[in-house]
Amino acid sequence: MDPALRLLRELVAIDSVNPSLVPGAAGEAAIADAIASHLRRIGLDVEVHEAAPGRPNVVGVLEGRRKGRSLMFCGHVDTVGVEGMQAPFDPIEREGRLYGRGAQDMKSGVAAMIDAARVLASEGLDAGRLVIAAVADEEYGSAGADALVARWRADAAVVTEPTDLQIAIGHKGFCWVELETRGRAAHGSRPKDGRDAIVRMGRVLHELEWLDRRLQSGAAHPLMGAASLHASLITGGRELSSYPDRCMLTVERRTIPGEDDGAVTAEMEAILARLRAADPEFEGTSRRTFSRPPYALAADHPLPLALADALDRCSERDGRARENGRARHFVGMSFWTDAAVLGSAGIPSVLFGPGGAGLHSVEEYVEIQDVLRCRDTLAALARAW
């Protein structure tokens with residue numbers, strides 16, 4: 001069995017569901033311990049540091065024979081929950097795919113980058129420094145990436161998120177906003193005494209639907225597409241026979257370069273202002289709870305160009321020469337990643353990882369050959385870099 005595939009199977013078999021998403025979940029401790037042991041076995045110097053209590057990052061370092069530029073491969077080891085999955089931690093191979101929670105998002109990318117380090121360690125890195133970073137908590141708040149950049153730097157980084165072996169030079173950001181409408185509690189038989197907070201939230205939802213339509217039909221980023229929003233969570237009411245005095249709605253707004261938190265806050269406040277103007281009894285507030293910015297790297301930066309060269313060399317070796325020029329293979333991703341954290345810390349970053357399907361769904365898989373091609377391309381990039 002190829003060492004990258006063997007490692008991927010071992011990682012998928014470890015429960016690393018993010019406890020910030022699923023209270024009481026296993027977290028990253030066990031998988032971090034396994035990765036640290038593996039990195040030591042293949043000859044890297046290893047540091048384990050807690051990004052949060054019980055939530056470790058693992059960093060492995062391979063030094064070259066002479067001075068040169070540094071390169072980081074970074075991937076998160078936490079996963080989303082497993083509700084509805086039959087055997088989430090039992091890696092199953094079928095028709096060239098490996099199934100299991102985290103197989104695509106993103107233990108395949110982590111296995112590929114670690115096995116690239118094994119290849120380079122076995123042959124000896126000619127120059128520079130390779131940093132392997134396996135981080136916690138990307139699926140929630142990216143505490144792992146924040147802790148990583150507080151301790152480590154590199155001249156460039158590849159985040160091995162799933163990209164179908166395309167080179168992504170940017171991705172969208174997001175902003176979470178909590179909206180509250182207030183009513184007046186009363187017995188369900190006394191409509192003159194009660195005010196229905198849930199019905200009032202319906203007005204907000206109507207406005208949000210129109211805002212989303214305007215965003216998606218508006219100016220789009222050439223690589224990332226248009227901004228968007230959706231209603232994520234809603235709660236309200238106390239019992240069937242009472243008017244609800246409050247309703248809470250959480251909205252996720254996906255942002256593109258050129259947008260910031262202030263613009264999102266202004267959109268929400270404008271909706272509430274219109275509703276107050278239409279109904280003096282309407283009461284509503286908005287509060288931004290968390291956000292992460294979009295990220296973009298120039299297409300002519302040396303990193304994506306070098307990665308495109310490495311991908312071309314590996315594709316030609318495998319008899320899979322690409323049909324188009326390499327610039328056409330620079331893409332943007334719709335999802336947010338730790339590349340934005342690295343980029344904000346001054347580490348130019350791109351995304352590059354295996355293909356598959358089903359991330360965050362009940363059937364998740366990765367294309368096995370993509371894992372091996374990803375590993376080979378990362379090793380080729382490190383040699384050149």
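**Sheet and overall form of a predicted model**

Author: In this predicted model, strand β5 (residues 97-99) is joined by 3 bridges to strand β19 (residues 365-367), and the two run antiparallel. Residues are numbered from 1 along each chain as its sequence is written. Local features need pLDDT of at least 70, side-chain atom pairs count only at pLDDT 80 or more, and totals for chains, interfaces and linings use all residues, while side-chain values use heavy atoms, without hydrogens and water.

Reader: What makes β5 and β19 a pair?

Author: Two strands (DSSP runs of E, at least two residues) pair if DSSP finds at least two bridges between them. β5 and β19 have 3 bridges, so they count as paired. Leucine 98 stands opposite valine 366 in β19.

Reader: Why is one side of β4 and of β18 left without a neighbour in the sheet?

Author: The open sheet has the order β4-β5-β19-β18, with antiparallel pairing. β4 (92-94) and β18 (356-357) stand at its edges and have a single partner strand each, so one side of each lacks a neighbour.

Reader: What share of the 385 residues is buried?

Author: Buried means under 20% relative accessible area, with a 1.4 Å probe and protein chains only; such residues make up 52% of the 385.

Terms used: Helices (H or I, at least four residues) and strands (E, at least two) are DSSP runs, numbered from the N terminus. Buried means under 20% relative accessible area, exposed over 50%, partly exposed in between (1.4 Å probe, protein chains only).
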